[in-house]
Structure formats: structure tokens, C-alpha cells
Amino acid sequence: MRIRVIPGSGAAIYRQIADQIRRGIASGKLSIGDPLPSVRQLAKELVINPNTVAKAYGELTRDGVLETRAGRGVFVAARRNVFSHAERLRRLDEAIDAVISESITLGFDRDQTLTRLRNKLDALQGAKE
Amino acid sequence: MRALIWKELRENVRWLPIGLLVVTAVGYLVLPSIFTFSQSMVARDLLAQLAIIAPLLAFALGVVQSFRDLKPASGAYLNHRGVTRSDVFLAKTIVGFLLYAIAIVVPLTALAAWIAAQGMQWYPMRPAQVLPSLAYALAAFGMHPAAMLMMARDASWWGTRLLPLVPIAIAVFVIWTLSKGLMWAAICAILAVPVLTWVVATARQGWCDLVSDPSATKYHLTARGRCLLPLYLTAGAVGALFVSLMFGIAILEYWRRGIDLPEPFNAIAVERESKSLWMVTNQYKYDRVMGITRTNVLGGDPVVQGGQVNPLKPVPDGLGFDFFSHLTPTDRGVVQSDGFFTPLSMIAAFSDETWYSFDQRGYVLLYGAAAGRFSWKNTVAADHIHSAGILSGVPFTADPIGLGALAFSTFREAGLATPLVDSKGVYLLEDQPLSIRTLIAQPVDAIGLVTKEAGAAPSVLIRAQSQLFEYEMVDGTGSTHWFPEVDGERGVTRITVRPLRDLSLSAKLVQTYDLPPELAHRSELSIASAADGGWFLTSSASKTTVFKVAPQGDTLRLAFTIEPGTSSPPSAEDRIHVLNVLFGLCPGVMYLIGTAIAGWVSFSQPFERPFADLMSWVADHPVQTTAGVVAFVLVSLTCVMLTIRASRQRGLSRRPMLLWCWSVGLLGLAAPLSVLAIYRNVHREACSRCERPRRVDLELCENCGAGWDLPTIGAIEITDEHRSPQAIASEVLA
Amino acid sequence: MNDSEVIRTRRLTRYFGRRAVVRELNFAVPRGSVVGLLGLNGAGKTTTIRMLMGFLEPTRGSCEVLGRNSRNFQPEDRSRIGHTVEGHFLYPWMRVRECEHFGRQTHPRWDGTMFERSVRRFGIDTDAKVSWLSRGQRAGVSIASTLAATPELLILDDPALGLDPVSRRALNETIIEFCESGERTVLLSSHLLDDVERVADRVAVMVDGRLLVDTTLDDFRGRLTAWVLEMAEDPTLVHDVPGLVHCRPLGSRWHLTIANPDHESASAIERLGAAAIEPVDVTFEDAVLAYLSRSRVDHSFYSGAES
């Protein structure tokens, strides 16, 4: 997968990188055990400060999304539950709250939102299979 | 260093053609023209032309070489490398010197080569004629480092920015005035080396210290053991003051005296009829119609042994005076025309237009028109005439024609040709056929003529050590009565001159005298004839001691005094004069130098008594002396005030300020000027605690000791916690 | 000065005549970081850099670079610092090859291959004369000569000024490559905020000779918040808001940027009596512009005063 960064946007560059890797894993473009470019390599590729890449990798490693194997590089980690069940529920609710408030602002009703959500989940399922 | 030199060369080599062009043009301008004989002399004219051009070239090169690399961008590009500022300066100086030397040496060498190739055939020139200019050009390169120093300083152009040019300009000027003749050229070249070293060392120090634009506190270079620059600038201030004073005095004197009103002066003279000694008051007067200067006798009084004279007493009508004539020394190198520094002169007595030059090797070279161009005709040696191109025979010891014209000026006034004189004798040079004949063969230290009765030829008096020899000039018949009557005014040099050829003159030794012991050591003697065939002798034309030498050789010492209030120029008039005030402006160091010179003179020349002369002048002129001293004190007080003001403005502390105030006694007005030039401007801001102005370049307020407040901007600073301003403040205090 | 800082200034102040151009600057650059030095023209960036390089003496205060006071730099100290001059000054009469030659002779540790590589990245013919080169190519030669000297610290004075997008990218790549080891440090003065956001990890903002921001990029963003208020009147005229960096009109609304927001500033904003209060995202550009605009509003704007 290809990561791109857009300076000057609302999100910091390290956040953009972390989000894209998370999305890549969620969409199946990256699977467990896939290697990721080294910090230097990615920094060179994106023309950004290596510390920024390191920070993004650091956050993802802390969240259990990536793992560092000594001397071999950075890999997509097996899904581990680094958070408690309650915490996971709280995070999910937070994300769903954002979707709901946005859909109401945009004037979609309950069914339309649900259908949309279901289609997305189906598509993800299909992509994985 | 090699890279820097290469860079400077590459950058500035484009100025070389301009320099070469200018110097070549100068070289061309000073060439004598082949067809229209112009009195153009390589050595003299070259030096005169280079007087301005060589320092200007060096200065311009210094400015263009430093100008660019002092700008922030190119300065940073050059200096961020692993090079020192000293390297940069030295590279610039070396390359500057190289380009300057090429621009000067190449055209001058070409000129010398051309001269060597042309030889002396149509002009008495030698390749060595470029040497004085080369020596001068070497010294003039000092303007290059001075220009770089000027560029490196950031003083105001209206202030002291140009001051670094002053000391070197004065040194270059002195060397320029000295650089006459070959020996002096060598001395100048030797003198130029320490001068150049000094200015290069000073400019290097200035360049290293000043280009980083240091603040006033870091600029106390003396405190850092770097005293070259302050010394140089002080020298500049003194020099500038001295030069402007000289100009001021010259302008004042010119304005005061004018040129149409010469002052009367006293002289001793011999009355023509009675042949008695008089003291008269003379005044020169310029006759516009005749274009000559006449001597007017305003008054006079006969001298009585031991008596008093009143030189202003009206002189009865019908009296005429002969003045003392000077015995011309033959060792002074009176060079009327050497073709080197002085132009050719015409020999008036010759039938064809003939010019001569005295070659340093001791021969008189005759030049004249031949075959449509000017060319070398003959060489005159003391014993023989040679044709052009040959330099041999007995050489003269000095320019014989120039000396002869001086010693035999009475001949010229009577419309006669003048004999030749050198320290080995008197000669006659005749035209048609060209010949030289020795008239008197004996050592000549000094020579002069003593006027005899009308119609009789003057006697020739030759001094050889402490003896005087009197010769009579007799014509073919053995008579001395061949001398033409001097008609009209004396002192008028005639244009048409009668040759001496027809007279077949010879000289007859009449008598030998010993000089009075009082005069034996005097080099300058004046002489006039007395009634009984003897003469009066004196060491100087206006002294009140005269020796009368009787024909038998007995000597009588005549001493007399001038009636008070009647001497000229009037000495009694002792009143305040504007010059006294100007002398008050003169820095004390000048008086010290004057005292040193006077001390040296009184030590080395036992008959000069400068201190006693000065003391007697002071005793005679109480008003002028007081005026001078008062002016000096007043000027010094003003200078002390100015120095204090300047020191405050420059933020000097108490001790250096006091030192500078003391130095006013030596430096005068140059002291405050030096303070302004050496120290940098100090800027002040109101202190937040005591509200008095405080220096911006000091950490603590000099009035109340407060530090500087951190600027407050209203809590919008964003810094990492561990490096907050408070943390840093505590770190600094610790 | 501790070893982890390559640049440290202490109350660095510089006057030109009566005018203070840099005031009481306490500034530190940690080893291995890329610091973007931002500020308007005349804010004192170039003067600061000239003092750091020892080309200009401070009026008071001091600065140390690589552990040595800038006033006492020796040639070997200078050779450890790479510096590009504002506007990428080069001798116009030199050929690119001669620039390399000149650099080789004036720097003790010259890396010729590094020069070759950097020059190639900018697409420059080494036989070309400097005066024929475009601005971007000149920047390339300048940066190549600087990097070939294998410095520990790079001080770049507005290297991106007037560069085309391709050269800009090449410049950024070069800087990233230079500091990838994490041991070498870059101080970069620039007006291009996007580039700074990409390559820098620390940011320093100078306003009128004073250093207002000196922190990591993320800390800087994180400590600024912005609100959009709907009100007719200029909020700055109502009452002071603590930490207000800048307030600018957006049509009939007002955009307020607040530094280090706390309860006090929040309640002060509420008390402004706006019809609507809406928090908005702060991009890096917004944050810097808020600081820089402040200078233009508060003080007279002078351009080119540094040069």
C-alpha cells in the first residue's frame, strides 16, 4: 500500500501516517506479519522528518497494531487486545457517536444511516474473503 | 590560502588591464617627443604623474577587493569556511600587491627598455630614470591596506571613516618629495618597507577585529593588547590636524603678506664711489614693465667700527651700492640640468641653439638640432671635447655650466658668456670651433667675483679650505680693462650674450690670503671689494660682524650695532598676531619634535645655537610669546572639554577618559578626534529601574546595576517546559 | 551547556544603531533535531544566524555553537558547521567544478561523492558557470558544497527562497538524507510552512527580534486552540482574553487563536457575549500565521531590514 501525507491539513503528519496504516489493516491491504518500510526508508520516501515516522510507528506499536522485531524491522502485529473490554466499548461508542452526529447534520434518517453502515461492513467482509 | 589567493586573482584580474592602460598612458605622456622638442623628462615627469595615479590605483584596488567580501552574503560565503579572517586579508593584500606591481612594473620596464634601446642619442635618458618612480610606487601601495581598513571600519563617511588614509598619505607624500635622484630612490625604497609593514599589520588587525561589527564594550582593543589600530588612528588624527594647520598657516600668511608688498630688510653693502661699508635697508620691487625684480635702497648709514648705524637714514642722492656677493660652493651639486630630474638648459653664448645636460658620470652632453631632429652632438669633458656617443676624458665633479652661471653672474649681467666651474678649476667653453680650455687649475671649494672699478674686470676669489686665492682676469694684452660697462640696471640678466672667445682671457694669481680664524669653519661666505684693493668678508650678508681684508692680507674685525627701532624687518613690533593663536592649536607633540630636532642640531653643529636664539626671541617678544602660550592653554582647555564630551559619548570609563585628557597636552585637538575615531558609538536606552539612559551593550545598568528585563508579550510564549525563560534565567544566574 | 544541545544562546541581543533587531534570545537546539526558524522578514532570523556563525558580534549576551562561543570560532570549528547564505550566494564567475575545487581546498573534511550526488539530484551540469544557473540550480550547488564539507550542524538561511517545486523537493530530500542518522542537526530558516512541517521536528518562531515559540512541532500545535465567534463587535475591543495570539475577521465572524488555553481563557471567551462559539481545528499553518500576523498588527512592518 502507498502512504501519502498532506502538509498543512488539520491532522498532524504523524497522525496521517498512523491513520493510513490503521485503515490499510482494516481494509485488508495489510495483513498480519506484513513488513512495513523502515523509519528511514519511509521518511525518505515521503520526504518527511524521520522522527515523525518514528512517532507514528511508536504510537501504533503502543496500540498493538505494529510490532518491532529486533534487527528485522517493523511488522503488522497479530490482533491483540491491549485494551480492556470496557475500554474497547468506550472507543467504539465514541466513533459511532461521531458518525451519528454527522449523519444527522447531513440530514440522513436512521434507516439510511444503518443501511450505509451495513453495506460498508459487508464490503469489508467481501474484501477480506 | 592558495585557494583564497586564486579566488582573489580570478576575481580582480579584470582590473589589471585598466591599471596597465593608465600606467602605460602615463609612460607615453612623459616620453620626449622626437620632432617637437619639448622639455619632457622621464624621471621628473613620471614621478609627477605617478604622484596621484599610483596611490589612486592602490586605493581603488583596495576598495574593490574589500567592498564585495564585506557585504553580508559574500562575507558569509567566504568566512564560513575553514579559513581565518587573517588569511582572507593577507590573500587580498598579496593579490592586490601582485596586480598593482604588474600594472606598474610592466609599463615602466617597457619604458626603461625603450629608453635603453633609444640610448641617449636624441635625449639624455637612461633606463635608471624609472627607478625613483618604482621606489615611490612601492611606498604608494600602502594606500591598498589603508583602503581595506577604511572599508572594514563602520565609522560615518562624514566622520572618521577616511582617517586611516591620513598617516599613509602623509608617509607617501614625504617619500614622494624625497624620491629625487638615484640615491634617494634607494633610500625611499628602504623606507617604504617599514611603512608598508606597519600599515599592513594595522590593517590586518583592523580587518580581523572590525568586520564582525563588535559592540562598543568589545571594542576596547587596547585592553586586548591590540594597540596597532589605536596608535595608527591617533597618528592619523595628529597628521590630519598638522596638515590642516599647515594649510591654515599658509593661507593666512599668503593673505597677510600678499605678494606685491615685500618686506624691507637690512643688508650690508659697499658704496660704489667711496668703497666704504654701509648698512642699508633694501626692499625688493617687482617691475612689471621690465619683468624683473629691482632692489630699492630705502635708507642707509655708513658703518663705523664699534658704532651704531641707523639703516633707515635717508641716503644722499647719487650714491650707488654694491652688495656682497656670495662665494658659490662647488660641492653642493648645483645641478642646473642633468637630464634626469631637471630639464635641459640652453647655452646662451653659442651661435647655434645648443642645449646641455650634465650627466651623472661627470660629462656635459651637448644637444642640438641636426638633420631635422634633436640629437646628441658632443660630449664635453674637463680636458677634451668628444663626439656624441663617447663618454671619456677627465670628468667634472659637478655641473660646471650651472656652477659657472651662478659664480659668474656678474659676467652675465654685463652681457658676457660665463666660464665653467667645478671643484678642480675654471674652464672656458668656446663655440666655433668647439673647444674647452682650462683657465684656472686649482682646487675650488667656493668661488665668487669681487667688483672692481668701472671698466675693470672683477677679480675672481677662490676659496680652498682656509685659504683665499685672488685671480685677475686679463685679456690678450694683459690688461684687466676689457670688462664692458654695465649699462642700466644691475641684476638684469641679458638675453644676448657675447662669447669670450675674442678676448683670449687668461687668469693671473694675484695673492693668497689666509681666512680669519672666525670664518675658517664657515661654509657660506660673502664678499665685496673695499677701497684700497682689499675686500670685506662676512659669513652672511646681514650680520653685524664684517672682516676687512687688506691687500697685504691683514684682517680687521669690524663690529657694530643697529640703532634700536631702525632695523628691518622691524623687530620691535611685538603685538598679538593671528599666527600666535594658530600656534596655540599646534599639538604639543609637534613642539616636542621641534625641540628634539633643535637639540640634534645644537649637538651636531656646534655653531648653531637654536635654544639660545629661541630664548632671545622670547625675551624680545613678550607679547607674542604670552599670546602663544595663552592660546595654547585655552586651546588645551577646550580640547580637554571636547575630550570629556567625546569620552562620555563613546562610553569610556573614568581611567581612559583621564588618560585621554592628559594626552591633550601632547595631542591637542587630535585627542578628542582620536577618541571619536578609536572608540565606537555607544547607544543608550532608558533603564526600566532608574529611568536614566543606560548602555545597551552592558549586562548591568551602569547607574543602578539592574539587569535587563525579559520582554513580556502576554503569556503567548510556547516553549518546552524544561527550557522556560525562568529555567534559563536561573541557569544564567547560577 | 549540556552535550545534547548543539546551539545555545543566552540572552542574545543585537542592536543596529539604536534599533534592537534581536532581543534577549534564549534559544536551544537539541542534537539530532531539525528546527524550523520562522519569522517575517526583519524579525531577526538572519541576524541571529550571523551571530551564531560568528560573523556578527552580539551587542550583549552570548551564543554557543557546538560547545564553543561563536566569537572565538577557529577555522576547525567553522568547518564543523555547514552554512548556506541567504539567496545562495556563489561567486558568479566560478564554474560548478570550480566551486567544488574551492570548497575542497577550504574545508578540511571534503566528501567529493556527496557533492556529486547532491549536484546530480538538482540536475546540474558541472561545467556550467554559476552565472548561467537558475536559482534552483544555484541552491543545489550551494547545498551540495555545504553538505560535502561533512558538517555536524547545518544552518540554512532561507534555502527555499524562490525555488521551483522540483528544487524544493530536492532540497527537502537532501535535508532528510542529511539528518537520517539522528546525530546531525539542522537549523532551517524558511518562509515555506509546508516544507517546515514536513522536515522539521521542532519549530521556533521569531517576532520582532523575540523568540515566542521554541518547542516540538506537535507541542506547538497541541498547545494552540482556535474558536470562531459570531459577533458584530471586534472581540479584542470588549475585554482581554488571556493567551490570545491573534484575532482576525472571517466575514461577520471572528477567528481567535489562543495559546495555552485554560479555564480562564475559556470563560473569558464565553463572557465576550458571542451569538455562537465554535471550536475549530488548528493547522500548523494557521498556528504560525497567527503568530506572524500578530507582529504585523502590533508593530510597524519593516522589510529587508536584516540585510
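How far apart are the nearest C-alpha atoms of chain A and chain B, which do not touch? They are 17 Å apart. Some notes from my read-through follow.

1. Ground rules. This is a predicted model, in which local features need pLDDT of at least 70, side-chain atom pairs count only at pLDDT 80 or more, and totals for chains, interfaces and linings use all residues. Residues are numbered from 1 along each chain as its sequence is written, while chains are lettered from A and ligands numbered from 1 in the order in which they are written.

2. Confidence in chain B. Mean pLDDT (the predictor's confidence in each residue, from 0 to 100) is 84 for chain B, with 91% of its residues at 70 or more. Helices here are DSSP runs of H or I, at least four residues, and strands are runs of E, at least two, numbered from the N terminus.

3. Chains B and C. Of the two pairs of chains that touch, B and C have the most contacts; a contact means C-beta atoms, placed from the backbone, within 7 Å. Chain B puts in 41 residues and chain C 47. On the chain B side, helix 1 (2-12), helix 4 (72-79), strand 27 (718-719) and helix 20 (725-733) each give two or more residues, and helix 4 of chain B has the largest share, seven residues. By class, that side has 19 nonpolar, 10 polar and 12 charged residues. (Ala, Val, Leu, Ile, Met, Phe, Trp, Tyr, Cys and Pro count as nonpolar, Asp, Glu, Lys and Arg as charged, and the others, Gly among them, as polar.)

4. Strand 27 of chain B runs parallel to strand 10 (residues 210-216) of chain C, joined by two bridges; pairing takes at least two DSSP bridges between the strands. Ile718(B) sits opposite Val213(C) there.

5. Chains A and C. Here the contact draws on 15 residues of chain A and 20 of chain C. Helix 2 (39-46) and helix 3 (50-62) of chain A are the elements giving two or more residues to the chain A side, which has seven nonpolar, six polar and two charged residues.

6. A sheet within chain B. Five strands make an open antiparallel sheet in the order 8-9-10-11-12. Strand 8 (345-346) and strand 12 (385-387) of chain B are at the edges with a single partner strand each, so one side of each has no neighbour in the sheet. Strand 9 (residues 354-358) and strand 10 (residues 364-370) of chain B pair over five bridges, antiparallel, and Trp355(B) has Tyr367(B) as its bridge partner.
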